[in-house]
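I opened this structure to look at its aromatic rings and one patch on its surface. My notes are below.

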Amino acid sequence: YLKISKLALAFAIIHSKPPGKSSKEHAEHLAKALAKQDFGWKSKTEALEAEVLRLRQELLLNKICPRFRLENDASAETLLDQERLNPPSSSSQLEDSGCDVSNDCAFDSLGTASDFLQSQHGVDTFNCGLEQVPPLDLCRTSKEEPLAAPVWFLQHLLEIRKLSEGGVLQADFTEMENDSFTVCNSVSQLLDGLTVFYNSPKIPVSNLLSEAVRVLISLITDSKLSNHVLKKCFKKLEEFKKNLIKIILRSSGVNRFQALHTVSHTLGLLARNNILRNSLISLLLPEVRQFAEQLLEAHQVQGVYDITQYENIFSLCMILEQLLEDKREDGNVSSSDYDGEEKAKFLKNLDQIILHLSDEFPLFSLYLWRASVLLNSAQIQ
């Protein structure tokens with residue numbers, strides 16, 4: 001049937017072609033016209049779906065708290081408008097070395113990889129304040145638009161939560177259970193939008209993007225909302241963390257080190273939620289172990305290894321060490337907290353790997369050793 005249909009279509013195109021144009025040219029013309037039509041319908045469909053989600057968001061907020069007025073000077077739309085009227089200064093653009101910038105203040109706002117090392121002297125890198133959300137990529141195009149709706153909705157959800165906790169408003173958050181689609185869809189859009197920007201981070205930073213990260217962290221650390229979000233959106237959050245890890249490992253740009261710190265910092269902020277922290281440890285352990293094995297194999301046969309990935313792996317090592325340190329300080333280090341199998345695989349014959357790599361790669365070996373000490377101390381406790 002399919003072959004007969006294709007043959008009939010071919011005859012129809014041949015018979016309908018205008019004079020002076022070949023059948024191939026006519027077929028290509030019809031294909032382009034059809035593609036434009038499909039694209040138009042797709043755009044209309046996406047616009048309608050976005051409008052439906054916005055209406056569902058408003059309806060859910062009204063159900064949770066009918067008295068709450070949907071007005072907020074710091075809403076995502078306001079931030080987006082401010083961003084267009086007052087774009088961030090371009091004076092903070094990175095120099096070509098990747099290790100310096102033309103503006104010291106811009107450098108301070110990003111932080112450096114050494115911030116992680118300072119944590120060894122009592123400085124908690126990941127508790128530097130949500131107000132200082134690290135800069136990300138802002139293409140300053142319509143790519144920012146998809147972030148506006150979920151940020152607006154989640155902003156208001158958090159505001160209702162805050163006012164209800166203070167006794168200013170009465171809110172019924174059980175409505176979130178009845179309409180989990182709206183919350184899940186909003187969180188998914190937020191994570192997808194952040195992933196797009198993290199894939200090519202650069203300065204200057206957008207107010208909207210900073211607010212998006214702040215809202216996400218506030219949402220997963222809220223005492224009541226976080227349980228609902230984790231229950232409904234855990235897989236999406238896991239995918240988001242995996243994407244950030246891939247971005248760190250695969251980053252190869254000249255000016256990537258401050259950008260890597262930005263992505264690493266967001267991973268650290270996600271770890272403020274204990275459940276996400278445990279799952280993040282389970283994701284980081286095999287990545288670091290796999291690279292250590294690959295490096296050992298290349299070293300033993302005197303082969304080449306990816307120097308870029310070697311530089312990038314330190315970001316993951318720093319995050320892993322900080323998370324394990326936080327676990328130990330919390331005093332809650334049950335082996336069931338994170339995947340015991342992954343921990344066993346990481347520690348298996350690790351001393352031998354460290355011994356063989358210590359001369360050629362002393363810094364990486366030191367990070368492996370410190371991670372093993374933290375894991376072993378947790379196991380002993």
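Entry 1. I am working with a predicted model. I looked up the aromatic pairs and found 10 in the structure. I took tyrosine 198 with phenylalanine 240 as an example: the pair is tilted, with 6.5 Å from centre to centre and 50° between the planes. Tyrosine 198 belongs to helix 8 (residues 180-198) and phenylalanine 240 to helix 10 (residues 225-250), so this pair ties together parts that are 42 residues apart in sequence. I checked the exposure of tyrosine 198 and phenylalanine 240, and both are buried.

Entry 2. Next I looked at phenylalanine 314 and tyrosine 367. Their planes stand at 65° and their ring centres are 5.7 Å apart, so I note the pair as edge-to-face; the angle cut-off for that is over 60 degrees. Phenylalanine 314 is in helix 13 (residues 307-330) and tyrosine 367 in helix 16, 53 residues apart, and the pair links these distant parts of the chain. Phenylalanine 314 and tyrosine 367 are both buried.

Entry 3. I then looked for charges over rings. Arginine 370 lies over the face of tyrosine 367, 5.1 Å from the ring centre. Lysine 44 lies over the face of tryptophan 41, at 5.1 Å from the ring centre.

Entry 4. Leu363, Leu366, Trp369 and Val373 make a nonpolar patch of about 350 Å². I placed tryptophan 369 in helix 16 (residues 362-380). Tryptophan 369 has a relative accessible area of 46%, so I note it as partly exposed.

Terms used:
Residues are numbered from 1 along each chain as its sequence is written. This is a predicted model: local features need pLDDT of at least 70, side-chain atom pairs count only at pLDDT 80 or more; totals for chains, interfaces and linings use all residues. Side-chain values use heavy atoms; hydrogens and water are left out. Patches are made of residues with over 30% relative accessible area and no salt bridge: like charges are joined within 9 Å, nonpolar side chains (Val, Leu, Ile, Met, Phe, Trp, Tyr) within 5 Å. Accessible areas come from the Shrake-Rupley method with a 1.4 Å probe; for residues, only the protein chains shown count as cover. A salt bridge is a side-chain nitrogen of Lys or Arg within 4 Å of a carboxyl oxygen of Asp or Glu. Helices (H or I, at least four residues) and strands (E, at least two) are DSSP runs, numbered from the N terminus. Buried means under 20% relative accessible area, exposed over 50%, partly exposed in between (1.4 Å probe, protein chains only). Rings of Phe, Tyr and Trp (its six-membered ring) pair if their centres lie within 6.5 Å; planes under 30 degrees apart count as stacked, over 60 as edge-to-face and the rest as tilted. A charge sits over a ring if NZ of Lys or CZ of Arg is within 6 Å of the ring centre and within 35 degrees of the ring normal.
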